[in-house]
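Here is a short walk through the fold, for anyone who likes to keep a viewer open while reading.

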Amino acid sequence: MIKVMHVITALGPAGAEIMLTRVASGMDTSRFQNEVVSLTDILDLADRMRAVGVRVRTLGMKKKVPNPYLVMLLAKWIRDSKPDVIHTWMYHANLVGTLAARLVGDVPVVWGIHHSALDPRFHKRRTMLVNRICASLSRKFPARIVCCSEASLRIHRDLSYAHEKLQVIPNGFDLEQGKPDPAARASVREELGIPANANLIGKAARFHPQKDHRNFIQAAARLRKQVPETHFLLCGEDIDWQNSQLVGWIEAAGIRDRCHLLGLREDVCRLFAGMDIATVASRCGEAFPMVIGEAMACGTPCVVTDVGDSASIVGETGIVVAPGDPVALAEAWRKLIEAGPEVCRSLGMAARRRVQKHFALPTIVERYQSIYAQLAAGTSEDVPSSDLSQCAP
């Protein structure tokens, strides 16, 4: 039995956290035993982990208060649990987990990187500092550095991370959980109180400047003038009618009667399956947006901005536009709408096949298991080259 301790900054409903949940849930329990340590008390996904037999603990760190005692406490937990491998997820966990592991001894550590470029306009100086520290430590301490995208690998290689340790394992998707659902189109429209034949364009993302909801709203206002019957669905953290900034943009655009703000949802796959078009409108900071793969698995064509690996993910099954260009975004939507339902369905099924070929969860989980097994056995194989850049359209 190979024991893996995962250390992550938080267990909130975000990309890396969701991917950790999927990996731990999908691993072979006859070969691997997982434990998760969250640095903070954000534990939204903890019940999902416990439901599949994964122990979850939290150090209770405060975001703005470094606490050396808690690093020593984590070292004690490592010493008591005796993991064969430690997998840390994201910058702060990479640093804290590595320091704690070094206090214990020579436990191999895998770093996980789920960012692309850090922009000082949107990211905290503390995060950027931790990133630079990790770059300086990368040659000595981690055994492997796993990036979730080609863009992430390139950027961190250029930041002087140890290039010989870098590899890409893309995000993976459960094709049974996310799949086409013919009933979703009608049920989502019934829930929203919109006509059964209305076009529905959606975006699932937390409210954050890099997600660029303003770009989405400006494009929506432009499209409404061309295709008035179109409706727009937005969901995610802080995406509700209490968000005065978001509501102000919507009202200024004159599309309040066409926008549906749903907040955090547990049925995102149903919502994607009920949309005509899914959208990522981000301006920066993305590595491998989870929502693209989720929408594609549901058979929904995507219009995405050219950030991170978005263009490589959709290939020729969707449309890629420049970030921060609402005119181009609205034109891409119009093009798909005018192509007609049959073309959209064909693109959507091609998108699902693309996920099956390149991003199916069992394949991704096996790649992680292979790393853990190699490191637990003390073997040192060459870091494999990524296959994402080789994805055929």
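Two strands count as paired if DSSP finds at least two bridges between them. With that in mind, this predicted model has an open sheet of six strands in the order 10-9-8-11-12-13, with parallel pairing. Its edge strands are strand 10 (259-261) and strand 13 (319-321), and each of them pairs on one side only. From one strand to the next, the twist averages 20°.

Within this sheet, strand 8 (residues 200-204) runs parallel to strand 9, and five bridges join the two. Here Ile 201 stands opposite Phe 232 in strand 9. Helix 7 packs on the sheet and touches strand 8, strand 9 and strand 10, with a direction at about 85° to that of strand 8. Helix 11 (residues 290-297) lies across strand 8, strand 11 (277-280) and strand 12 (302-305), and runs at about 165° to strand 12.

Is His 231 buried or exposed? The cut-off for buried is under 20% relative accessible area, so His 231, at 7% relative accessibility, counts as buried. His 231 belongs to strand 9 (residues 231-235). Leaving aside neighbours within four places in sequence, the residues in contact with His 231 include Leu 200 and Ile 201, as well as Asp 257, Arg 258 and His 260. Ile 194, Pro 195, Ala 198 and Asn 199 are also among the contacts of His 231.

Seven strands form an open sheet in the order 3-2-1-4-5-6-7, and the pairing is parallel. Strand 3 (55-58) and strand 7 (166-168) are the edge strands, each pairing on one side only. The twist of this sheet averages 25° from one strand to the next. Four bridges join strand 4 (residues 85-89) to strand 5 (residues 109-113), and these two run parallel. Trp 89 stands opposite Gly 112 in strand 5.

Not counting residues up to four places away in sequence, Ala 16 touches Ile 8, Trp 89, Met 90 and His 114. The relative accessibility of Ala 16 is 5%, which means that Ala 16 counts as buried. Ala 16 and Cys 148 are 132 residues apart along the chain, and their C-alpha atoms are separated by 8.9 Å.

The two residues can be set side by side:

| Residue | Element | Relative accessibility |
|---|---|---|
| His 231 | strand 9 (residues 231-235) | 7% |

Finally, the pocket. Which residues lie nearest the centre of the second largest pocket? They are Arg 185, Met 275, Asp 276, Pro 341 and Arg 345, out of 22 residues that line this pocket. The second largest pocket has a volume of about 490 Å³. Helix 7 (182-192), helix 10 (268-274), helix 13 (326-339) and helix 14 (341-358) each supply at least two residues of its lining. Helix 14 gives the largest share of that lining, with four residues. By class, the lining of the second largest pocket has twelve nonpolar, six polar and four charged residues.

Terms used. Residues are numbered from 1 along each chain as its sequence is written. This is a predicted model: local features need pLDDT of at least 70, side-chain atom pairs count only at pLDDT 80 or more; totals for chains, interfaces and linings use all residues. Side-chain values use heavy atoms; hydrogens and water are left out. On a 1 Å grid over the protein atoms alone, a cavity is a set of points where a 1.4 Å probe fits but cannot get out, and a pocket is an open set with protein on both sides within 12 Å along at least five of seven lines; lining residues have an atom within 4 Å of a point. Grid points are joined across faces, edges and corners, and a volume is the space filled by probe spheres set on the points. Ala, Val, Leu, Ile, Met, Phe, Trp, Tyr, Cys and Pro count as nonpolar, Asp, Glu, Lys and Arg as charged, and the others, Gly among them, as polar. Buried means under 20% relative accessible area, exposed over 50%, partly exposed in between (1.4 Å probe, protein chains only). Contact means heavy atoms within 4.5 Å. Axes are lines fitted to C-alpha atoms, for helices over the stretch in contact, and angles run from 0 to 180 degrees between N-to-C directions.
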